[in-house]
Amino acid sequence: MKRTINIVLASLLACASVQASAEDKVTTTPVHFSKGTSSATLSGSFSGYDSVNYTLTARAGQSMLVSITGSSNASFNVFAPGDVPGAASALGSGAVGQDWNGRLPANGTYTVQVYQMRASARRGEKVPYHITFSVR
């Protein structure tokens, strides 16, 4: 009985350590507009299941435009203040060649999650990109 418990515990520990090493890396980067401007372009890259969350503050009624260029694997989701990627529905989404433009529903900090689809993430592909944010 004791041997069975030890085997089960060892198996559970092995599974936990495999899951811990397979964690996705999420980088959060605040977006700041230069004085007198209403847009900013940032560059980055990630690979596999990693993602980058850009945060920017805006007011209800303003319009936001998000566009991304670079790897054809680059995609993004836009989340309202208080909404968390993976736990809420996105306000909108886009990809290379598919900008998102929308009127913002609330005051606060918006999150734009940059990621790649599962098929290319599974292959561990590297995704270089440039993303532009414009708020008016």
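M64 has V135 in β9 as its bridge partner. The model is predicted. Strands β4 (residues 63-70) and β9 (residues 126-135) pair in the antiparallel sense over seven bridges.

**Sheet**
- Four strands form an open sheet in the order β2-β9-β4-β7, and their pairing is antiparallel.
- The edges are β2 and β7 (100-103); each has a single partner strand, so one side of each is left without a neighbour in the sheet.
- On average, neighbouring strands of this sheet are turned by 20° against each other, direction ignored.

**S45 in β2**
- S45 is part of strand β2, which spans residues 39-47.
- S45 counts as partly exposed because its relative accessibility is 38%, a value between the 20% and 50% cut-offs.
- Apart from neighbours within four places in sequence, S45 is in contact with K126, V127, P128 and Y129.
- The C-alpha atoms of S45 and V127 are 5.2 Å apart in space, although the two residues are 82 residues apart in sequence.

**Aromatic rings**
- The count of aromatic pairs comes to three.
- One of the pairs is Y54 with Y129, edge-to-face, at 6.5 Å centre to centre and 80° between the planes.
- This pair links distant parts of the chain: Y54 lies in strand β3 (residues 51-58) and Y129 in strand β9, 75 residues apart.
- Y54 is buried, with a relative accessible area of 2%, and Y129 is buried, also with 2%.
- One aromatic cluster is formed by F46, Y54, Y129 and F133.

Terms used. Residues are numbered from 1 along each chain as its sequence is written. This is a predicted model: local features need pLDDT of at least 70, side-chain atom pairs count only at pLDDT 80 or more; totals for chains, interfaces and linings use all residues. Side-chain values use heavy atoms; hydrogens and water are left out. Helices (H or I, at least four residues) and strands (E, at least two) are DSSP runs, numbered from the N terminus. Buried means under 20% relative accessible area, exposed over 50%, partly exposed in between (1.4 Å probe, protein chains only). Contact means heavy atoms within 4.5 Å. Two strands pair if DSSP finds at least two bridges between them. Axes are lines fitted to C-alpha atoms, for helices over the stretch in contact, and angles run from 0 to 180 degrees between N-to-C directions. Rings of Phe, Tyr and Trp (its six-membered ring) pair if their centres lie within 6.5 Å; planes under 30 degrees apart count as stacked, over 60 as edge-to-face and the rest as tilted.
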